[in-house]
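Hi,

Here is the structure I promised to pass on.

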Amino acid sequence: MEKIQHKVQEDDLLRKCRKREKVFKRMFIYNMMFNHDIQVTQIGRFFNRNHASIINALKVYENLKSTKDQELIAVLFEYMKFFEQYDIKKMQYSIRKDLRNATTFRDIGIMRKRLDSNLYNDLKK
C-alpha cells in the first residue's frame, strides 16, 4: 500500500484530471487494489471518488486490457515495472470469488480464460 500511495502522490493521481495518461494509471491502480481484495468503496474513499466511478473504471480497464490497447500498454509499461510483483500473467485468482461475482456471460468467459491459463490458486494442489 505504501508503494501505491507514493506513486499516486508522485503522479498526482488524486486530482481530477481527464488526461488519458493519468486516467490509465488511475485505472491500473484501481485494478491492482481491487485484485488485492480492497473493496471498491475503500478504493473510492482513497481516491475521493464514488464507488460507481471505480466500478466503471475497472470495467473500462478490463476492456482495454482485453483488446491489448497499445496506448494503454505504452503508458502502463513503467507502472508494471514499478509494481513488479503485479505481473498480470502470474496473478492468482479465486474461483470462489469469481463464481460469487459472475453476473454476465463476459464474466464466465473471463473465468474460462483463467481456468485455461491455470490462474486459480484454489484449484492447484
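This is a predicted model: local features need pLDDT of at least 70, side-chain atom pairs count only at pLDDT 80 or more; totals for chains, interfaces and linings use all residues.

Residues are numbered from 1 along each chain as its sequence is written, and side-chain values use heavy atoms, with hydrogens and water left out.

Let me start with the cores (a nonpolar core is a set of buried Ala, Val, Leu, Ile, Met, Phe, Trp, Tyr and Cys residues joined through side-chain atoms within 4.5 Å; buried is under 20% relative accessible area with a 1.4 Å probe, protein chains only). The largest one has 23 residues, and Phe-28, Ile-29, Phe-47 and Leu-76 have the most contacts inside it. Two or more residues each come from helix 1, helix 2 (20–35), helix 3 (40–47), helix 4 (51–66) and helix 5 (helices are DSSP runs of H or I, at least four residues, numbered from the N terminus). Helix 2 gives the most, with 7 residues. There is also a second, separate core of 5 residues, with Tyr-93, Ile-95, Met-111 and Leu-119 among them.

Now the helix pairs. Helix 2 and helix 3 have axes that come within 10 Å and cross at roughly 140° (axes are lines fitted to C-alpha atoms over the stretch in contact, and angles run from 0 to 180 degrees between N-to-C directions). That makes helix 2 and helix 3 oblique to each other (the class left after under 35 degrees for roughly parallel, over 145 for roughly antiparallel and 65 to 115 for roughly perpendicular). On the helix 2 side, Arg-26, Ile-29, Tyr-30, Met-33 and Phe-34 make the contact, and on the helix 3 side Val-40, Ile-43, Phe-46 and Phe-47 do (contact means heavy atoms within 4.5 Å).

The axes of helix 3 and helix 4 come within 8 Å and cross at roughly 105°, so the two helices are roughly perpendicular to each other. Here Val-40, Thr-41, Ile-43 and Gly-44 of helix 3 meet His-51, Ile-54, Ile-55 and Leu-58 of helix 4.

Finally, helix 1 (residues 2–10) packs with helix 5 (residues 70–82) at an angle of about 145°, their axes 12 Å apart. Lys-3, His-6 and Lys-7 in helix 1 meet Glu-78, Tyr-79 and Phe-82 in helix 5.

Best wishes

Terms used: Buried means under 20% relative accessible area, exposed over 50%, partly exposed in between (1.4 Å probe, protein chains only).
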